[in-house]
Amino acid sequence: MNDFNASHQKDALTRPEVLINDAARRAVELASETLQIEADALIALQARLQNEDAAGFAHAVGMLLSCKGRVVVSGIGKSGHIARKIAATFASTGTPSFFVHPAEAAHGDLGMITSQDVFIAISYSGEAAELMSILPIIKRLGVKLISLTGNPTSSLGKIADVHLSLQVDKEACPLNLAPTASTTVTLALGDALAVAVLDARGFREEDFARSHPGGALGRRLLTYVKDVMRTGDAIPSVTPDTKLTSALLEITKKGMAMTAVIDSEHNIVGVFTDGDLRRMMEGVCDFTQISIGDVMHTNPRSIRADQLAVEAVEVMETHRINQLLVTDEQGKLVGALHIHDLTRAKVI
């Protein structure tokens with residue numbers, strides 16, 4: 001009885017594990033096959049762009065570059081989801097763009113489209129009814145039309161000024177029904193257009209940062225020293241005749257582990273840091289009679305307020321320092337910068 005129960009319990013544990021392993025194996029095989037199908041579709045797209053679609057692609061890029069209005073991208077269903085992303089990519093890389101839903105366009109949103117725009121219509125079949133219903137109006141407005149379809153002889157392929165092929169041998173879906181390989185190819189072709197256009201425009205990191213001020217790159221490229229520096233009473237500063245003991249109180253009070261030494265015109269004549277103090281302690285016993293001008297470090301590192309904060313980071317890293325004095329164009333002290341200020345601003 002006990003042996004039977006033990007055997008039954010063992011089988012109960014083993015059989016589900018076998019099923020799970022079989023299911024897992026099937027899932028991995030299917031995933032691998034999906035990726036291979038989509039990779040093959042992308043390779044085929046690359047081959048077309050280098051051969052029969054090369055002239056059409058170049059023509060499309062030229063149309064997008066010469067567009068005086070916006071690039072309008074449209075599609076229905078899964079193509080619509082991809083169209084939204086393509087429009088967002090254009091917009092974030094220097095080409096004003098937006099997505100319009102073809103059904104909404106037929107009920108008033110066509111008013112957003114002008115004769116100065118370029119219209120990118122996406123439909124794998126090239127026969128999407130919602131899209132085809134608005135194209136006569138688009139053409140009547142004189143809008144340039146780029147079509148992305150899997151069939152160049154489709155209604156959409158024929159009516160377009162430029163047609164680019166999305167043709168795939170098969171979808172990754174085992175039933176060959178759900179848009180998978182075709183949507184991957186569509187997304188990749190949209191990226192290819194956007195990248196070609198941004199390169200032709202001479203789009204730079206600084207331009208990208210302006211469209212992404214909330215991202216890490218935006219913070220790095222759009223933050224200036226004047227945006228993060230300490231000003232006014234927060235700047236530790238003393239004059240050259242200040243006693244060292246009083247200067248140490250200023251350093252402690254302002255919490256920057258240093259103090260600037262300035263003349264009556266606010267010109268920087270030196271700096272004194274915690275590091276200078278530690279080195280002094282090795283040979284000086286009486287600090288009460290020493291003026292800061294006697295022990296300060298002359299020609300300190302500084303940066304202008306109108307320079308980028310990332311430049312301050314570079315100076316600090318190059319010279320292995322944690323503080324910088326900030327000057328105006330005339331070289332007068334207007335601020336102070338600690339590496340912690342840059343960290344809080346997420347420049348680092």
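Modeller: Start with a helix pair. Phe 57, Ala 60, Val 61, Leu 64 and Leu 65 of helix 2 meet Leu 189, Ala 192, Leu 193, Ala 196, Val 197, Ala 200 and Arg 201 of helix 7. Contact means heavy atoms within 4.5 Å. Helices (DSSP H or I, at least four residues) and strands (E, at least two) are numbered from the N terminus. This is a predicted model: local features need pLDDT of at least 70, side-chain atom pairs count only at pLDDT 80 or more, and totals for chains, interfaces and linings use all residues. Residues are numbered from 1 along each chain as its sequence is written, and side-chain values use heavy atoms, with hydrogens and water left out.

Biologist: At what angle do helix 2 and helix 7 pack?

Modeller: Axes are lines fitted to C-alpha atoms over the stretch in contact, and angles run from 0 to 180 degrees between N-to-C directions. Helix 2 (residues 54-65) packs on helix 7 at about 55°, with the axes 10 Å apart. Helix 2 is therefore oblique to helix 7. Under 35 degrees counts as roughly parallel, over 145 as roughly antiparallel, 65 to 115 as roughly perpendicular, and the rest as oblique.

Biologist: How do helix 3 and helix 7 pack?

Modeller: Helix 3 (residues 78-92) and helix 7 (residues 181-201) pack at about 15°, again with axes 10 Å apart. They are therefore roughly parallel. From helix 3, the contact includes Ile 82, Ile 86 and Phe 90; from helix 7, Leu 187, Gly 190 and Ala 194 are among the partners. By class, this contact has 7 nonpolar, 4 polar and 3 charged residues.

Biologist: Now pockets. How much space lies in the largest pocket?

Modeller: On a 1 Å grid over the protein atoms alone, a pocket is an open set of points where a 1.4 Å probe fits, with protein on both sides within 12 Å along at least five of seven lines; lining residues have an atom within 4 Å of a point. Points are joined across faces, edges and corners, and volume is the space filled by probe spheres set on them. The largest pocket holds about 400 Å³. It has 19 lining residues, with Val 271, Thr 273, Ile 321, Asn 322 and Gln 323 closest to its centre. Helix 12 gives the largest share of that lining, 5 residues.

Biologist: What is the volume of the second largest pocket?

Modeller: About 210 Å³. Its lining has 14 residues, and Ser 79, Ser 123, Tyr 124, Ser 125 and Pro 179 lie nearest its centre. Helix 7 returns here, with the largest share of the lining, 3 residues.

Terms used. Nonpolar A, V, L, I, M, F, W, Y, C, P; charged D, E, K, R; others polar.
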